[in-house]
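Have a look at the sequence and the model, then read on.

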2 protein chains.
Amino acid sequence: MSIVVVTPNPAIDVTYRVDRQTIGTTQRVREVRRMPGGKGLNVARVLEDIGSPTVSVLPLGGAAGSWVQQRLDALGLAARIVPIADETRSTVTVVDDIDHPTMFGEPGPHVTPAEWQQLTDVISATAASAALVVISGSLPPAASPELVAGWVEKARLSGARTIVDVSGPALLAAAAAQASVVKPNRDELLDATGASSEAEGARALLARGAGAVVVSRGSAGICAYLPDGRLELAAVPGVTGNPTGAGDAATAGLALALSTDLGIDEALRQANALGAAAVLRPVAGEIHLAAYQRFLTELPLPAKENP
Amino acid sequence: MSIVVVTPNPAIDVTYRVDRQTIGTTQRVREVRRMPGGKGLNVARVLEDIGSPTVSVLPLGGAAGSWVQQRLDALGLAARIVPIADETRSTVTVVDDIDHPTMFGEPGPHVTPAEWQQLTDVISATAASAALVVISGSLPPAASPELVAGWVEKARLSGARTIVDVSGPALLAAAAAQASVVKPNRDELLDATGASSEAEGARALLARGAGAVVVSRGSAGICAYLPDGRLELAAVPGVTGNPTGAGDAATAGLALALSTDLGIDEALRQANALGAAAVLRPVAGEIHLAAYQRFLTELPLPAKENP
């Protein structure tokens, strides 16, 4: 069965390489790269890479939307696209060999209530033949956090589990709608719940109704909080590279395990192995496949600690 | 008769407004504006605004090219578009209320020899029923400067005058091809000719074959160098605002005068009035129409000085 991956606010991710970033000048762009972006699409690409079939669900509009659609076709990603009247957003990341990258994120299109209804209908229809629905990435501006709750409920009614990687009020709404797994990073968790520690924040989301709270901590590993305990797994040691997209690869690992009825312990192992394999690649949505397989042989299964 | 306006390297001109430009961070884009860009398209929009019909000739490709085409239709700009396989470029300008704008310019698409040939054929065909051909803006990377010379020659063979606003080797090629007017700014003139003064640079272009060299100096006015003398006209005094696109508006003023057989003295008056009227508008390609008409009543005709 396919995994349904919802990307509520897809983008063209543009990267400009310049000689040296400066403010207030005209800079010649030496190299331009464009990729279909949005966290859900990164998750879907990693899942496809490791042989797990996906169906992406996303709104697309305007010339930028047509471009994304063409590139999804070229990448061989199956997609159910909801056409919208407004223009799909872009992000622009400026890189040089000296400073940290600078990222400019457009907020995204206006999506009408009728267009959101159509997206919800497509999620219902595709979830009916899926074991798992992944919802990942930001919402466009002015979109209600309750949309995410609605998608989680539709998936549950269709008998599919859910993994939700969103932030702010939408994260709270997903927990209240009883998402199987919510997957914030530490900052998102503290920000949305107002908690002062990771454990306190996770307990707050579990209390609202989330089945599990998985917190990815990058090089500090990953931790799953369950109603009856927690599991923690250290990151693959000694992996350096580009962390962009590592969190999305970790989500793909959780999705692989949960869609095939592997336990949460194996889900953490898959998440860590794929997260580390993504760090070895410069581009979000790509992994080092051989490294992933090697990491899997090296990583232990985490044991559950009772609280 | 229409004025033919060639834009060899059109763009989507994107403007991002952010709270404060910083390097190495993620910045939320508060406001996004997209306009069809490239200097020739700015010239055409100003000409249409003052009631002078144009036909734009330009290569367009990919999703960005489709977007530009749709916007030209929406703006009511007549265009003869040469489809290309590669993607039309974008420029991104980042603005805040504190620092100067930062501009990122993509180099532009690869245009094949067959595509250039098609563009040249379209210039020939449209020039046959035009009094004037304007060629304005950069060439895509790897495009030969000799292309510009070819377009100037085709226009001349069709009985049309030419105004050429290009830089570098293409400026030298346009002069050698006997463009009626070349219109560099001071920096472009010194850069292309290697001269150490404006007058020396202008004489070099006249010696190569240009009919006239018009140098726009922004708030320092405009000067036309002819084989038998020069004319100089001070800028409209006391105009402050956004100089972006003022040079293109000035080109439109030259084009209006030359397409209707007004003399070079009236051309400079039109150029200065439109340049100043563009400074009053924040967006390239737009002018303050009432101010333009007022400036025309105020500006004197320049007198020719013999060298």
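## The second largest cavity

Let's start inside: the second largest cavity has a volume of about 100 Å³. A cavity here is a set of points on a 1 Å grid over the protein atoms alone where a 1.4 Å probe fits but cannot get out, and lining residues have an atom within 4 Å of a point. Grid points are joined across faces, edges and corners, and the volume is the space filled by probe spheres set on the points. Its lining has 14 residues, and closest to the centre are Ile23(A), Thr102(A), Phe104(A), Ile23(B) and Phe104(B).

Strand E8 (102-105) of chain A and strand E8 (102-105) of chain B are the elements that give two or more residues to this lining. Helices (H or I, at least four residues) and strands (E, at least two) are DSSP runs, numbered from the N terminus. By class, the lining splits into 6 nonpolar, 8 polar and no charged residues. Ala, Val, Leu, Ile, Met, Phe, Trp, Tyr, Cys and Pro count as nonpolar, Asp, Glu, Lys and Arg as charged, and the others, Gly among them, as polar.

## How to read the model

This is a predicted model, where local features need pLDDT of at least 70 and side-chain atom pairs pLDDT 80 or more, while totals for chains, interfaces and linings use all residues. Residues are numbered from 1 along each chain as its sequence is written, chains are lettered from A and ligands numbered from 1 in the order written, and side-chain values use heavy atoms, leaving out hydrogens and water.

## The largest cavity

In total there are 4 cavities of 30 Å³ or more, and the largest holds about 250 Å³ of space. It is lined by 23 residues, with Ile12(A), Arg34(A), Ser90(A), Ile12(B) and Ser90(B) closest to its centre. That lining divides into 14 nonpolar, 4 polar and 5 charged residues.

## Where the chains meet

Chain A and chain B each bring 28 residues to the contact, which means heavy atoms within 4.5 Å. About 2300 Å² is buried between them, with 60% from carbon and sulfur atoms; buried area is the accessible area (1.4 Å probe) that two parts lose on being put together, summed over both. In chain A, Ile23(A), Phe104(A) and Glu106(A) lose the most area to chain B, together 25% of what that side buries.

What about salt bridges (a side-chain nitrogen of Lys or Arg within 4 Å of a carboxyl oxygen of Asp or Glu)? In one salt bridge, the side chains of Glu106(A) and Arg34(B) meet at 2.7 Å, N to O.

Terms used: On a 1 Å grid over the protein atoms alone, a cavity is a set of points where a 1.4 Å probe fits but cannot get out, and a pocket is an open set with protein on both sides within 12 Å along at least five of seven lines; lining residues have an atom within 4 Å of a point.
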